[in-house]
Amino acid sequence: EPFVADEYIERLAWRTPGGGSRGGEAFDPKRLLEEFVNHIQELQVMDERIQRKVEKLEQQCQKEAKEFAKKVQELQKSNQVAFQHFQELDEHISYVATKVCHLGDQLEGVNTPRQRAVEAQKLMKYFNEFLDGELKSDVFTNSEKIKEAADIIQKLHLIAQELPFDRFSEVKSKIASKYHDLECQLIQEFTSAQRRGEISRMREVAAVLLHFKGYSHCVDVYIKQCQEGAFLRNDVFEDAAILCQRVNKQVGEVFSNPETVLAKLIQNIFEVKLQSYVKDQLEEHRKSDAEQYLKNLYDLYTRTTNLSSKLMEFNLGTDKQTFLSKLIKSIFISYLENYIEVEIGYLKSRSAMILQRYYDSKNHQKRSIGTGGIQDLKERIRQRTNLPLGPSIDTHGETFLSQEVVVNLLQETKQAFERCHRLSDPSDLPKNAFRIFSMLVEFLCTEHIDYALETGLAGIPSSDSKNANLYFLDVVHQANTIFHLFDKQFNDHLMPLISSSPKLSECLQKKKDIIEQMEVKLDMGIDRTLNCMIGQMKHILAAEQKKTDFKPEDENNVLIQYTNACVKVCGYVRKQVEKIRNSMDGKNVDTVLMELGVRFHRLIYEHLQQYSYSCMGGMLAICDVAEYRKCAKDFKIALVLQLFDTLHALCNLLVVAPDNLKQVCSGEQLANLDKNILHSFVQLRVDYRSARLARHFS
């Protein structure tokens, strides 16, 4: 702890008798001063003693520092001497090493020719044995020394090739025969070792055969034996994958070039096993059953490419992707060349059969839809005049649209798109996908939907028909549902195949054209259907509305709230509104209901202007219009409701007191109407002349 003078003085005073209040003793300053003086003297003596000790230690330290410095200098001198000795020794060692290396080179220069001479002498000795026609050496007679014999015969074979044929033909043939025999023995030995599973012996024999011409035959034997018993199950692709995986682990332990051997095995599997299997599976159905042929082709090609993906894990050389692609192409090229023609032919016949089966189930003979100048002229006249040209066809409520047919056609096309994606060359993919899409448009849109629209249009009765059955809205509903499915397939299955090609704009234009054609016919059919609805309302009003309804004989005895014609018309309108809501979706519902509502309003407006109204009849007319307005609320269209609100306000002119007529005409709902309209309604009152109501509009 650090020295604190105040605390030290306090402790000293506390220990001194009379220095404080300890034990109740009185404070004695003399005694405390005496104690302080004595203590200061003791501290001075102690300081002198410590100072002498410090001086002594400093002297001793200086002496030892000098001795240490002297010793370090001596050690530095010794180190310099040792370093000089080390340099001399290193130079001497380098000199000796140089001499040793030179001596080694000299010895090697002498020994290498000697070894070559010895080896040449041995080869000459063995050559003489072949020349004499009798092989006496142990290396040729002892079967256990086949490795040494193979090395010798391989060298002799190379030498024999350099000798002139005319003088050494016999010995050359003997060496070649022995070369061939040893090669066969080695291959047989390799085969036996492979059957026994002796990897080390296989590796040893393969290393010897590496310098022989028959090395490739050794690899062929290995590949052949690897496949024995490997393809026993029905799944040749799974068997091939398992085999390659097993061989991949083993081939590196046997051969010095494992990637080449494995690649050759894979090539053999593709060109022999797989090609044979594919041919058997496809040729059986190629001409007799296009559906099964296409399914098999897609399945086999998919499984082959999947196998190729698994084999990519192995080391097969530098460009294994190209190698495997060529193998796949060699198997399927004859089938892929004309794939799209088979696909289109099958799709065409299959789609036609699906449609024909449907029409046959309906006992319907499909009529041809006319084309050409006359038909185009009729179409233009019908669009502009809304006249039903040609005989009306009674479809008996049949729409001739089937979701089952559509699902079948879309399913066939979906499978065709999947096959097209897998089997088409990337450069041909957009073009092939467009051809499949064209088939879908032809059979789904033209032959099915468009035909149903044409038949539906022909089945719409004229607007003056009584009790007409209106089935065209059912056609609209089903066509709308079907086209949603068509659009979904376009986006889900066609777009990915053509999205980055020029065919995209062509497909989009084709789709746009077919939509526009159908929309024209749908609009035309809906327009004519609305006319029929209005015509039906006219028939109801003509049959049910009586002149006495609005000018009763007994003004005081009117018991009904609204007329029978109003009840029937409102009931009919509500049914049609519900039918329109069920048949359409989105903004189309509001658009069609608005059009129907406007026409409905015009019909009631014109209908009301055909009658004269007494005071009670005017009240009944107001009640009818109120009911019509309530019916208009079901449309949920602001404009339609506004029109009937205005009509209701106009009907008030039929009952208002003559003096209040001008005030009512300037009311909020009628102020913006033309005076002629207001005047025309006032003219319908029976008291128009007697009450001189014309003066209000002069």
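**Helix packing and selected residues in a predicted model**

A polar contact of 2.4 Å links the side chain of threonine 399 to that of glutamine 478 in this predicted model. Threonine 399 is located in the loop between H13 and H14. With a relative accessibility of 7%, threonine 399 counts as buried, because the cut-off for burial is under 20%. When residues up to four places away in sequence are not counted, threonine 399 touches Ala452, Asp474, Val475 and Gln478. Glycine 456 is 57 residues from threonine 399 in sequence, and the C-alpha atoms of the two are 6.8 Å apart in space.

Phenylalanine 400 is found in the loop between helix H13 (373–385) and helix H14 (403–423). Phenylalanine 400 is likewise buried, at a relative accessible area of 7%. The phi of phenylalanine 400 is positive, at about 60°, although the residue is not a glycine. Most residues other than glycine have a negative phi. A positive phi is also present at arginine 692, where the value is near 50° and the residue is again other than glycine. Arginine 692 belongs to the segment after helix H23 (675–682). Whereas phenylalanine 400 is buried, arginine 692 is exposed, with a relative accessible area of 59%.

The chain as a whole has 23 helices and zero strands. Of its 698 residues, 38% are buried. Among contacts in the chain with a separation of 6 or more, 75% are between residues 24 or more positions apart.

Helix H8 (residues 236–254) packs against helix H9 (residues 258–283) at an angle of about 165°, and the axes are 10 Å apart. H8 and H9 are therefore roughly antiparallel, since an angle over 145 degrees counts as such. The crossing of H8 and H9 is right-handed. On the H8 side, the contact is made by Val236, Phe237, Ala240, Leu243, Cys244, Val247, Asn248, Val251 and Gly252. These residues meet Pro258, Val261, Leu262, Leu265, Ile266, Ile269, Leu274 and Tyr277 of H9. By class, the residues of the contact of H8 with H9 comprise 15 nonpolar, two polar and no charged.

Helix H15 (residues 429–458) and helix H16 (residues 472–498) pack at an angle of about 175°, with 11 Å between their axes. This angle makes H15 roughly antiparallel to H16. The contact of H15 with H16 contains 21 nonpolar residues, two polar residues and no charged residues.

H17 contributes Leu530, Cys532, Met533, Gln536, Met537, Ile540, Leu541 and Glu544 to the contact. H18 contributes Asn564, Ala565, Lys568, Val569, Tyr572, Val573, Gln576 and Ile580. The contact of H17 with H18 has eleven nonpolar, three polar and two charged residues.

Two residues within helices were also considered. Valine 278 is in helix H9. Valine 278 counts as buried, at 1% relative accessibility. Apart from its neighbours within four places in sequence, valine 278 is in contact with Leu300, Ile331, Phe332 and Tyr335. Asparagine 296 is 18 residues from valine 278 in sequence, with a C-alpha to C-alpha distance of 8.8 Å.

Threonine 191 is in helix H5 (residues 165–196). The relative accessible area of threonine 191 is 8%, and the residue is buried. A polar atom of the threonine 191 side chain lies 2.8 Å from the backbone oxygen of isoleucine 187. Leaving aside neighbours within four places in sequence, threonine 191 is in contact with Val221 and Gln225.

Note on methods
Residues numbered from 1 in each chain as written. Predicted model: local features only at pLDDT ≥ 70, side-chain atom pairs only at ≥ 80, totals over all residues. Heavy atoms only, no water. Contact = heavy atoms within 4.5 Å. Helix = DSSP H or I, 4+ residues; strand = E, 2+ residues; numbered from the N terminus. Nonpolar A, V, L, I, M, F, W, Y, C, P; charged D, E, K, R; others polar. Buried < 20%, exposed > 50% of the residue type's maximum accessible area, 1.4 Å probe, protein only. Polar contact = N/O pair within 3.5 Å; in protein donor to acceptor, adjacent residues only side chain to side chain. Axes fitted to C-alpha atoms, helices over the stretch in contact; angles between N-to-C directions. Parallel < 35°, antiparallel > 145°, perpendicular 65-115°, else oblique. Left-handed = near helix turned anticlockwise from the far one by under 90°.
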